[in-house]
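Try each one with the structure in view, then follow the solution.

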Amino acid sequence: MTSPLLDLFYQLRDEEGFLLSIEQYYRVENYLIQKLANDSDIAIQENPNLDNPKIKLLCQALWVKSPKEKEKFDQAWTEMLQFQPEINIEIAKKTPIRHPEESISKIINPMDDRESPSLEITPSGDTPIAPETSFPQIATAIEKRKKITSLDNPDYYPIGIAKLQESWQQLRPLPLESPRQTWDLKATVMATAKRGFFDQIIYQKKQLYRREIIIFIDCSDSMIPFAGFGRIMKQTWANVPHFYFDNLIRDEVLRQENGWESQSLTKVLSNYSPEVTSCLILSDAGAARKRYVEERLSATETLIRRFSRRFSRVAWLNPLPYHRWYGTTAIDIADLAEDIPNFSMFELTTEDWENLITWLKEEAIPPRHFPFNSNQFHQGDNWDEDEDFFSAESRLRLFEKENEPNTRELAERAAFPLSLSPNLLYDLRQHQDKNNQAPWYAIADILLSSLVRKIDRELYEMSPDVRKLLLEKLTPEELKSLAYQLQTYIQEQIGDYCSQSVYWQNQQWLALAYLKPSQAVNEIKQVLAEAIKNNNRVRLVRLTALLENISAALADYEPLLLLNEPIAAYSRGDLNHVGNVLQLSPEDEGTLQKRLIDEVAAIVPYNENLFTAETVLVNKTGQVIERKPVKAYFYDENLAEVRKWKKAQNYIRMMYIPQGEFWMGTEDEEIERLVKKFGWDGFRSERPQHLVKVPAFYISQTPITQAQWQAIAATAKIDIDLKTNPSRFKGDELPVESVNWYQATEFCKRLSRETKREYRLPSEAEWEYACRAGTKTPFHFGETITADLANYRATETYADEFTGKYRRKTTPVGYFQVANAFGLYDMHGNVWEWCADTWHDNYHVAPTDGSAWTKNGNDNYSPLRGGSWCDGPDACRSAVRYSFYRGFYDLGYGFRVVCGVGGTL
């Protein structure tokens, strides 16, 4: 049955003279309505409820351009409803309609002359259609849905979910207008009889057909690293039939990725018309394992030729880049395109994806060339004649020779988890330095290498000997950072399933061993005691193997590690060895069992470096409306004693700041409000607001104190001399002040030399990210600050809070005992804090990776952040920026220090 909406479209275009293209019909049926498909009022698939005012408004908004056209549109719509009564009645029974005024108000009034933001609607073709009416609510809903999708499905691949959705809008099986016109003989005769003479031929309305797409996905072992992309594609292109095969498409194809139910390929192909169906194959074609198999090429050529006769277009999507095809079966399969004009192979890159979509739309694509780069091509025997093929050193050497440094660095990270899944390895890659990040397909290079072995469908394990070699390359700080990443991954991706899986529970204990060793030991103790009591030998074997793997992280728990050997012997049934260690008779197994349980229970954990405190949230009046506990990790950098200080002054406490992203700066509207209220144009340097991704780092919990300054100032000079105590306000626990940028930098250099760790000033991005600690309010405390929370000129106010005490000097660091969510004190007020960047008047083209911005700036000036004891609250905001000459010092200028994760010299 023809859609009444389509009949209306043809009537308006062909009979009423509306200037419309068929794409404008597609937009109504397949774009706007599709985006509102969750609304119970909308049902415009085959038989729409045309009484629904929303559908009329949508059509009117896109098709009507003048009051005269609106009159014709209304009349045609009314006539259409009169000819479709039975359809409308039937659909009305199924589709509930809210009050018409409510429905209309939620879309838009098409004849409203007021200006509003427009939503540009672009057809799938090359010719853009100008926006005719604004749909702000629809645009907002679409953007919101995109954000939700991106959060729920992390994009690890070059083509992400948003791009797949956009491509689907172009590729979906839309009605296409037949290029042929058919003479309507009956209508022509009747028109001639009515007029009394023949003046024109009347043609039938153009027929529609639908383009179909069918996808075949390779689910062999070499494609496991890319399985996630196939699943995302299946989820996004939900209406496209997907079939699976193992390495080669044979007579039978699978209906499910991990299932056994198959279907005849001949039967599958018979369901689709060759003229209107395109085919997409997702497979590495041997490139992932760098193999060339003659039999595979021969069988694949036969298949491609068969497909070329059954489909209008055949596209092969190879997840590996084209330079990886050389020397493998993939390059010869790609070369088949020279002889088969409707076949082509594409690489999974942003550029070639556009060609793929164009190809599937049966449109021409530009000539594609795959230049050979010998530097990217590895082939041949890389083994030394006298080398042991099976040794860990040899396998690692070969891997390092065949892969780039960033892939080798990712392999070191991959050695940390006890077991690997593709998703976990992708997540580890996401935390690499963005300037030195391994290519996304490096996941396959690692998982398919001789360094790891497959232990389940999508679970791998690094060889123990190789893992040991790689872990030796990591610093303690890097290991701790990896533990945090692993813990975060388990919490976000695995969740409650962790307790049900031995593999993931062991991973959790591995992370805890580095981050919260006492908790890890307590949990393992309980499980050990239970397994010994129940004589669960299998569980004991796994637990003792786990303790062996995480022994480096539990070095402070030597009694547990020493007990691991007799427990392992007990799990093997070697009671003689257990009796010798415990000095008990091996004949009495019950006594041995009880002693082992007692020995496990006697292990006492120590207090690891976990800082606990409290943070508060205040409203505009300064009233505390919420209190939250703070838990943050740290390490203490011990300093040499200059005098007999308190123990607390002999170290710098460095707080761990986890990697993340935040919006740096201030929105334009808020900036103008601040300029107007406080009369300072400097707020405009906080624009434009931009998203910054910051790697993990450590930052001192407080500004550097005078005691800490003196400990380092007493050491040997590197570049410039340092005064022993330059501060005006004296006190060991007061922040050092009256230091300029060069002196602060000299302090960092000396501290690095003395501690063998690389210390520096924070970048502006690091400082603001650490200050905000996940907040978006003007202060990390909330909407304002008060004299009970920070040291500033509290006789002035920021919002609706009361004025407070103006102390007129610095206060001891941490004086207010209220930290932010990262465990940092004094981020607002007390002293301004120097940053490493050179000064720039705004954030235009600023880095987005958290690094210091030192290019094209004023080298004589640097930013200061945070405000001081003598400034008003507006100068103490999280985003405020202030520049000053690097050589100038003031009694309100201090600094903090930063150490990168893995910052050992």
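**Exercise 1.** Decide whether Val-64 is buried or exposed.

*Solution.* Start with the cut-offs: buried means under 20% relative accessible area, exposed over 50%, and partly exposed in between (1.4 Å probe, protein chains only). The relative accessibility of Val-64 is 11%, so Val-64 counts as buried.

Before going on, note that this is a predicted model, where local features need pLDDT of at least 70, side-chain atom pairs count only at pLDDT 80 or more, and totals for chains, interfaces and linings use all residues. Residues are numbered from 1 along each chain as its sequence is written, and side-chain values use heavy atoms, with hydrogens and water left out.

**Exercise 2.** Find where Val-64 lies and which residues Val-64 touches.

*Solution.* First, look between helices α3 (53–63) and α4 (67–83): Val-64 lies in the loop there. (Helices are DSSP runs of H or I, at least four residues, numbered from the N terminus.) Next, list contacts, meaning heavy atoms within 4.5 Å. Leaving out residues up to four places away in sequence, Val-64 touches Phe-18, Cys-59, Glu-69, Lys-70 and Phe-73. Finally, take Leu-19: 45 residues separate Leu-19 from Val-64 in sequence, and their C-alpha atoms are 9.3 Å apart.

Methods:
Helix = DSSP H or I, 4+ residues; strand = E, 2+ residues; numbered from the N terminus.
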